[in-house]
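Reader: I'd like to go through this model with you, one piece at a time. Can you show it first?

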Amino acid sequence: MNIVKYMRTKLRRLLGQKAKTAWISHPLFLQHEPDTGHPESPKRIAAIEAELERQGIRSVMQAVQASEVADKQLALVHPRKYLRFLESVQPPAGKIYRLDGDTVMSHESLQAARYAAGAVVKAVEMVMKGEAFNAFCAVRPPGHHAHSGKAGGFCLINNVAVGAMHAIANFRLQRIAVVDFDVHHGDGTEEIFGNDPRILFFNSFAQGLYPFPETGRSKERNSVEIEFAPHTGSRMFRKAVREQWLPRLQAFKPELVLLSAGFDAHKQDETGRLNLHEADFAWLTHKIMRAAESAEGRVVSVLEGGYTLESLAASAAAHLYVLAAQGKPECVLQYDRHLRHSLSKGRGGGKRV
Ligand SMILES: [Zn+2]
């Protein structure tokens with residue numbers, strides 16, 4: 001951080017202007033329309049926004065509009081040849097182009113993907129300069145299945161990888177933790193970071209789902225994987241995170257934490273493979289923030305999956321509740337208590353849109 005930025009941050013603190021959680025999004029994200037009936041629909045962001053509004057969480061965050069990623073920022077992750085290919089298959093208005101069975105581009109998709117990566121770059125800038133305590137990027141299309149030279153699994157550009165490489169290039173960071181708790185394996189992120197010693201990649205996923213990683217395959221040294229059997233519930237999930245992730249995260253002493261925040265491990269998600277509850281996402285968020293204290297709260301969370309609108313909205317709200325409360329332990333306890341109360345009143349334990 002240069003001296004001007006440092007003084008600006010100091011001054012802001014002296015004046016008591018507390019940097020808030022940034023909510024970074026853009027209207028373009030609603031214009032990426034893969035297909036009617038496609039699970040990765042524009043309604044996902046609208047559902048999260050409505051639930052945050054309902055719970056009064058939106059008003060405690062600062063809303064920020066994403067900007068477009070620069071070609072040179074993208075080039076840190078994706079070869080120009082791949083980007084030119086995506087441009088060449090961009091369909092005209094009203095048409096779609098199928099990159100594969102699941103990954104579909106509409107006319108605005110590539111532009112939306114460029115702004116999604118731009119959102120993460122902006123989030124990194126804001127948390128590194130002290131303009132936001134932490135940030136959530138409400139973006140579409142998602143990114144963690146995008147390889148350096150290949151789209152897949154609804155993803156065109158690897159948003160989290162672009163953000164991480166920007167942090168390394170511009171802020172000279174040496175230790176970035178990337179935590180992917182989406183129910184699907186983050187194969188694109190794994191391929192991009194390979195054995196990069198500046199990244200420690202935490203990746204949890206359920207067996208038997210896309211992209212179908214082989215059990216027992218050789219793993220990169222910088223990857224800490226947890227593979228869950230189908231229908232694993234809260235207790236086993238928390239135990240695995242406590243034992244396999246948190247000590248490694250703490251020992252790594254990250255300077256920045258990037259989250260690939262997929263909420264499709266919720267028991268109500270149409271993916272239907274893990275049995276997590278929205279309170280587990282609050283718990284996980286809190287534990288990550290505590291274990292990564294070395295990052296001084298610099299957490300950038302980026303939306304990945306989560307397809308059943310009600311459970312996606314409830315889970316993202318639980319996650320943001322903790323982020324916006326800046327990881328204070330009492331907010332997690334309050335959230336668990338609140339959910340128990342809801343359950344005892346027979347509401348089914350979740351807030352619904
Ligand atoms: Zn997923």
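What follows is a set of questions and answers on this model.

Author: Before we start, this is a predicted model, where local features need pLDDT of at least 70, side-chain atom pairs count only at pLDDT 80 or more, and totals for chains, interfaces and linings use all residues. Residues are numbered from 1 along each chain as its sequence is written.

Reader: How many helices and strands are there in the chain?
Author: Helices (H or I, at least four residues) and strands (E, at least two) are DSSP runs, numbered from the N terminus. Counted that way, the chain has 11 helices and 10 strands.

Reader: What percentage of the residues count as buried?
Author: A residue is buried if 20 or more other C-beta atoms lie within 10 Å of its own, exposed if 12 or fewer, and partly exposed in between, with C-beta atoms placed from the backbone. The chain has 353 residues, and the buried share is 50%.

Reader: Which strands pair with S1, and over how many bridges?
Author: Two strands pair if DSSP finds at least two bridges between them. S1 (residues 22–25) has Ala-22 and Ile-24 pointing one way and Trp-23 and Ser-25 the other, and all are buried. Ser-25 stands opposite Gln-65 in S2, while the bridge partner of Trp-23 is Phe-136 in S5. Both pairings are parallel: S2 (residues 62–65) with 4 bridges, and S5 (residues 135–137) with 3 bridges.

Reader: Which strands run parallel to S9 and are joined to it by bridges?
Author: Asp-180 stands opposite Ser-260 in S9, and Ala-261 has Leu-303 in S10 as its bridge partner. Each of these parallel pairings has 5 bridges: one with S6 (residues 176–180), the other with S10 (residues 299–303).

Reader: What is the handedness of the β-α-β unit made by S9, H9 and S10?
Author: A crossover is right-handed if, with the strands pointing away from the viewer, the path from the first strand over the helix to the second runs clockwise. By that test, the unit of S9, H9 and S10 is right-handed.

Reader: How are H9 and H10 oriented towards each other?
Author: Axes are lines fitted to C-alpha atoms, for helices over the stretch in contact, and angles run from 0 to 180 degrees between N-to-C directions. The axes of H9 and H10 (residues 309–324) come within 8 Å and cross at roughly 30°. Angles under 35 degrees count as roughly parallel, over 145 as roughly antiparallel, 65 to 115 as roughly perpendicular and the rest as oblique. So H9 and H10 are roughly parallel.

Reader: Where does Leu-274 lie, and is it buried or exposed?
Author: Leu-274 lies in the loop between S9 (256–261) and H9 (278–291). Because Leu-274 has 25 C-beta neighbours inside 10 Å, it counts as buried.

Reader: Which residues does Leu-274 touch, leaving out those up to four places away in sequence?
Author: Two residues are in contact if their C-beta atoms, placed from the backbone, lie within 7 Å. With that exclusion, Leu-274 touches Val-183, Ala-206, Phe-228, His-231, Thr-232 and Ala-265.
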